[in-house]
Every structure is written in C-alpha cells, then in structure tokens.
Amino acid sequence: MSGRITVAGLGPGADALVTPEVTQALAEATDVIGYIPYVARVAPRADLRLHPSDNRVELDRARHALDLAEGGARVVIVSSGDPGVFAMAAALFEALEERDTDPDIRILPGITAMLAAAARAGAPLGHDFCAINLSDNLKPFALIEKRLRHAAMGDFAMAFYNPRSKSRPEGFARVLQILREECEPERLLIFARAVSTLDEELRITTLARATPEMADMRTVVIVGNSATRRVGRWVYAPRSAGA
Ligand code: SAH
C-alpha cells in the first residue's frame, strides 16, 4: 500500500477552530509528526504513533514524513494555525526537492493566528495588509527591516508573527523603533496573545505607548494602517483608502 502525507493546520488553539477535514485526517492517520506542543494537541490512540520533535528541525521532520509515507504510512504533519503560514508545508516541499519521488500529498488549511486575532479585535485587516515573520532564524534582520519600512511606506496594515523570543529580545525593540521612524505616534497596535486558549489576552495601544515587553512568542502583533480607528471597544480598518 502506498502512503500519504497530509500537512494539517490545527488552528490557533481552541478545538472548535480545528476544521472537520483536519479532524478526519487525524482519525485516519497512522503517524503524527510535529513540534512537541502541537503533537500534544492530538488525542493519543493505541494505533497512532506520535513523533514529537523539538523546534527548528523542520527539514528533518519533513524528511521523516517522506520516509514513513514511502513505507506505506498515513502521516499527518501538524502545524499550529495554517500549515502554509511560516510553518511545515514549505519545509515539506523543500525536502521533496531533494528526492525523485511523487508522493500523495495534501495540505489542509487552518485558521492562522492573525485572522483569529483580527476577529477578536474587530476588523483591523479589513483593508490591504501583509504578514511578516520577525524571526531572524532563516533571514537576516536587514531584510526584515527593509520589508517593514516598505510595508509602512505602502500604508499596509501588518501582522507580525514570532515577534520576540528569549534568544533575541532586542529584535522587537528595534522593530518598534523602525515603526516610530515611519508611522505617526497615534498608530494603533494590537497585541493578541494565546488567542482562543485559556491564556488569551488582547491589548490595544498606540505606537507611542507600545513597549517590547508587550510581545512574546505566543503573541501576534497587528499594526493598523494610517486610517485604522476605534469604534467602542473595536478596532477596524475602513474599507476605502486614498480617495
Ligand atoms: N502556522 C502558524 C504560525 C507559526 S509561527 C499560524 O498560521 O498561525 C508561530 C507564531 O504564530 C507565534 O510566535 C505567534 O506570533 C503566532 N501564534 C500562533 N498561535 C497563536 C495564538 N493562539 N495567539 C497569538 N499568536 C499566535
């Protein structure tokens, strides 16, 4: 029997935000591969092998999935949120490029952190926006800075993933400094932490009041565009711009 690889997004945390097709794929799986906290979200079963691994070994994980599928396994690689957003789907295709095989692959979308966070805050991504991974793990900080400045100049709303880690706490302070050079002090920022989990926290502030400590690795940060405003407790980006 030939195997299959499914790359599945588990959503931001709540069980209710896991799609039915992902639940179905997990029910049919023989093996689940992924970062330790994501594999921990999969209910164990006697006939299911779990392969949790540490962070930053995405390519090894993808190669492992390809090996298991070649042996006939029905492998599910799990990511949080959506597997195509700063996650395992791209790593799988990088590993596939190393081989001369054409395995059965499916990518199942999930609700990515910025969309779950935006829904909590109102509609801050209601106009044009971009998503930037602030981790300098796989790209130099100079490229992050270039993209930030261009996005700010283009007046895009922005969503920042991986904003601040213990290993590079100074990076996010620099990001706020760059934003202060490009945007007005009243610009609205949303710090959405652990959305859809018991630890959820939502903080809405201005660029002038934002501090680096407001973000950690469980936070997605949304920066409004120049027209983003508040109505009651909500934040939204008006649908028209530049008229
Ligand atoms: N594939 C994931 C992103 C992985 S990168 C997705 O589509 O959501 C990991 C980053 O995602 C974290 O550092 C954080 O910025 C963000 N993130 C993931 N889950 C989150 C949640 N429940 N609440 C807020 N941010 C979250």
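**Basis.** I am working with a predicted model, in which local features need pLDDT of at least 70 and side-chain atom pairs count only at pLDDT 80 or more, while totals for chains, interfaces and linings use all residues. Residues are numbered from 1 along each chain as its sequence is written, and side-chain values use heavy atoms, with hydrogens and water left out.

**Helices α3 and α4.** I looked up α3 (residues 58-70) and α4 (residues 88-97), whose axes come within 8 Å and cross at roughly 65 degrees; helices here are DSSP runs of H or I with at least four residues, and axes are lines fitted to C-alpha atoms over the stretch in contact, with angles from 0 to 180 degrees between N-to-C directions. That angle makes α3 roughly perpendicular to α4, a term for 65 to 115 degrees. I noted that the contact (heavy atoms within 4.5 Å) is made by E58, L59, R61, A62, R63 and L66 of α3 and M88, A91, L92, E94, A95 and L96 of α4. By class, this contact of α3 with α4 has 8 nonpolar, no polar and 4 charged residues.

**Helices α6 and α7.** Next I took α6 (residues 141-153) and α7 (residues 170-182), which pack at about 30 degrees with their axes 10 Å apart. The two helices α6 and α7 are therefore roughly parallel, a term for angles under 35 degrees. In α6, I found F141, E145, L148, R149, A152 and M153 meeting G171, R174, V175, I178, L179, E181 and E182 in α7.

**Ligand.** Which residues are closest to the ligand? I listed D82, V85, T112, M217 and T219 as the closest of the 19 residues that surround the ligand, where a residue counts if one of its heavy atoms lies within 4 Å. I then checked the polar contacts (pairs of N or O atoms within 3.5 Å): a backbone N or O atom of P12 lies 2.9 Å from a nitrogen atom of the ligand, and a polar backbone atom of V195 is 2.9 Å from a nitrogen atom of the ligand. For N162, a side-chain N or O atom is 3.0 Å from an oxygen atom of the ligand.

Terms used
Parallel < 35°, antiparallel > 145°, perpendicular 65-115°, else oblique. Nonpolar A, V, L, I, M, F, W, Y, C, P; charged D, E, K, R; others polar. Polar contact = N/O pair within 3.5 Å; in protein donor to acceptor, adjacent residues only side chain to side chain.
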